[in-house]
Amino acid sequence: MEGPLPRYRWELRDRPLLDPGFLAAGRARGLSDRLLGVLAARGHADAHALIAFLDEPAAGLHDPRLLPDAEIFVARVRLAAERGERVLVLGDFDADGLTGLAIIVHALRRLGLAVEPYVPSRGDEGHGLSLAAVARAEALGCRLIVTVDCGSSSAAEAQAAAVAGIDVLITDHHQLPIQPPAVAALVNPQRVDSKYPERTLAGSGVAFKLAQLLLGDEALELVDLAAVGTVADVAPVVGENRSIVRLGLERLSRSPRAGLAALFERARLSPERLDLDRLAFAVAPRLNAVGRVGHGGPAAQLLLTDDPAEAAELADQLEAANVLRRELLAAALAEARQVAAEQSDAPVTIVRGGWPVGIIGLIAGRLADERGLPAVVFSTAAEPWRGSARSAGGFDLGAAFVALGDLLPRHGGHAAAAGCDLPAGSYDVFRQRLAGLAEGLVAAAPRLTLDLVLSAAEVDYGLLHELALFEPAGMGNPTPLVGIEGLQLVRARPASGGHTQLVLRKGREVLDGICFGRDDLAGVLREGDRLDLVARLASRTFGGFETLQLEVRDVGPAGSLGRLAGTQHLPPEPQPALVA
């Protein structure tokens, strides 16, 4: 075969034999058998799952009373209101923790409580409840601390609060250590005794569920914050998370709160055109940036203010922090890549450097993506060293850090991402033991999972509208990828930003395509090349006209998709009875 070779391994989702009841339910809703096949391959393979996926989003919200210690949480908050107690609410410094903090603060204030928002310093305090936060609560006369998106590993700090006569209510979603903190309430769906149906809630999602208990239907006014936090934390957009995101996007598009509206302006986003990609890659980084290069307090203020003038000033601070964050990351990533290149045979990438604590998680994420192996990055700028890790290849980082807990004064996280403190003298032992836990892990070969393989003639607006059913799409529910056979190249030219623009012919019609991050293709492809490709379908408006566009993920010569084309297991359409 001539032409560019694919960069990824292309795989088609397994096609289950479709249940007749599932088909009947889908056809009754006007869904095509083609679309029902995609739904079934993604796990929505029975009538009940189909209805849950398609129903109004509010129907997918579970009873918050099922969360462990939820009733204890509510009782203690109401007692604080009766006593007129001051409450310190501590939220983690990332976008999930900040939005969750804003949810709890708004909810408690609506109950009439005096609330002190508190965002810990990433560099000085790290994740979780800190002794500095306990001291601050004591100085303010607070008798209650509520944590958001953190605290499940803060046993010593919770004990210090108890000694000071302060009750602690932990709300979190991270994995718990063997000995969780002794606190008044530990609301975490990851608890082994949890009966909550959705274990993958983000920290802001847990906060939203508790707001529902405190405020009832009024809590839906806070679901926009939970949606932002859920997307920012890369929680799977399935089940209840998908309901939260759908409800939140609707509210954001209709009436964004002052702080988010100001942030949208800085990011040049139109609320009416918001989607999960824009939240993940434009909004979340701006909320995170100020805590990465300084203190996260301004981001929390942005989410709490109702004053458009104050929101504009705070949004400017976040924008400036985001610019600085990009510059710092570029320099640090170049250094980390050089160190990582020397570990070609290791099952896990472990690097250290004097980089700012606020960007080591970003470095770890990039290294994990590029190398297909788990990555742990330590900042030696603090003592003990601060570490951040991102997973690949299915390796459970949260469990690994629990197993290494004797080396780590503090640690926490979940399977995909985790953090820890490490004394400098334990670095070599940590490397050896973590490599032992990851022994046999091989670099994950990059792959693209396709939902459909179609001929070029089948790619049209009808298909685009069908696949829109999967929106909002994100982790666990990605935008469908379509393998398209039999396209002919009309033109390929470089586009600014390292991309390649394509014009492709299908029969007598042409399609526009954009290959993000593939500036090499313009020099490889030739007019008349016959191609197969993998793409997402999108709609582009230019000059008042709407056109179908392919967001191309990978390209191969004609025939590359042939091995994937399989028959879909569909029973025959019901035939009308013959009339005698």
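Student: Where does Ser 152 lie?

Tutor: This is a predicted model, in which local features need pLDDT of at least 70 and side-chain atom pairs count only at pLDDT 80 or more, while totals for chains, interfaces and linings use all residues. Residues are numbered from 1 along each chain as its sequence is written, and side-chain values use heavy atoms, with hydrogens and water left out. Helices (H or I, at least four residues) and strands (E, at least two) are DSSP runs numbered from the N terminus. In those terms, Ser 152 lies in the loop between β4 and α7 (155–163).

Student: Is Ser 152 buried or exposed?

Tutor: The classes rest on relative accessible area with a 1.4 Å probe and protein chains only: under 20% is buried, over 50% is exposed, and values in between are partly exposed. Ser 152 has a relative accessible area of 2%. With that value, Ser 152 counts as buried.

Student: With which side chain does the side chain of Ser 152 make a polar contact of 3.0 Å?

Tutor: A polar contact is a pair of N or O atoms within 3.5 Å; within protein, one must be able to donate a hydrogen and the other to accept it, and residues adjacent in sequence count only if both atoms are side-chain atoms. The Ser 152 side chain has such a contact with the side chain of Asp 172, at 2.8 Å. Counting contact as heavy atoms within 4.5 Å, and setting aside residues up to four places away in sequence, Ser 152 touches several others, including Ile 170, His 174, Pro 180 and Leu 186. The polar partner at 3.0 Å is Asn 188.

Student: Which residue is the bridge partner of Val 89 in β3?

Tutor: Five bridges join β2 (residues 86–91) to the parallel strand β4 (residues 144–148), and β2 also pairs with β3 in the parallel sense over five bridges. Five of the six residues of β2 are buried. Val 89 has Val 146 as its bridge partner in β4, and its bridge partner in β3 is Pro 117.

Student: How far apart are the end C-alpha atoms of helix α4?

Tutor: The expected span of a helix is 1.5 Å times one less than its number of residues. For the 14 residues of α4 (residues 70–83), that gives 20 Å. The model agrees with this expectation, since the separation of the end C-alpha atoms is 20 Å.

Student: Within what arc do the buried residues of α4 fall, seen down its axis?

Tutor: The buried residues are Ala 70, Phe 73, Val 74, Arg 76, Val 77 and Ala 80, whereas the face turned away from them carries the exposed residues Glu 82 and Arg 83. What covers the buried residues includes β2, α5 (95–110), β4, β5 (167–171), β6 and α8 (203–215). Taking the arc over the directions from the helix axis to the C-beta atoms, the buried residues line one face of α4, as they fall within 165 degrees.

Student: Which elements do the buried residues of α6 pack against?

Tutor: In α6 (residues 131–140), Ala 133, Val 134 and Ala 137 are buried. They cover an arc of only 100 degrees around the axis, which puts them on the same side of the helix. The face turned away from that side carries the exposed residues Leu 131 and Ala 139, while the buried residues pack against β2, β3, β4 and α7.

Student: What is the relative accessible area of Asp 149?

Tutor: Asp 149, in the loop between β4 and α7, has a positive phi of about 65 degrees although it is not a glycine. Arg 268 likewise is not a glycine and has a positive phi, of about 60 degrees, but Arg 268 counts as exposed at 81% relative accessibility. Asp 149, by contrast, is buried, with a relative accessible area of 1%.

Student: What is omega for the peptide bond from Glu 471 to Pro 472?

Tutor: A cis peptide bond joins Glu 383 and Pro 384, with omega about 0 degrees. Pro 472 is found in the loop between α18 (461–467) and β14 (482–495). The bond from Glu 471 to Pro 472 is also cis, with omega near -5 degrees.

Notes. Two strands pair if DSSP finds at least two bridges between them.
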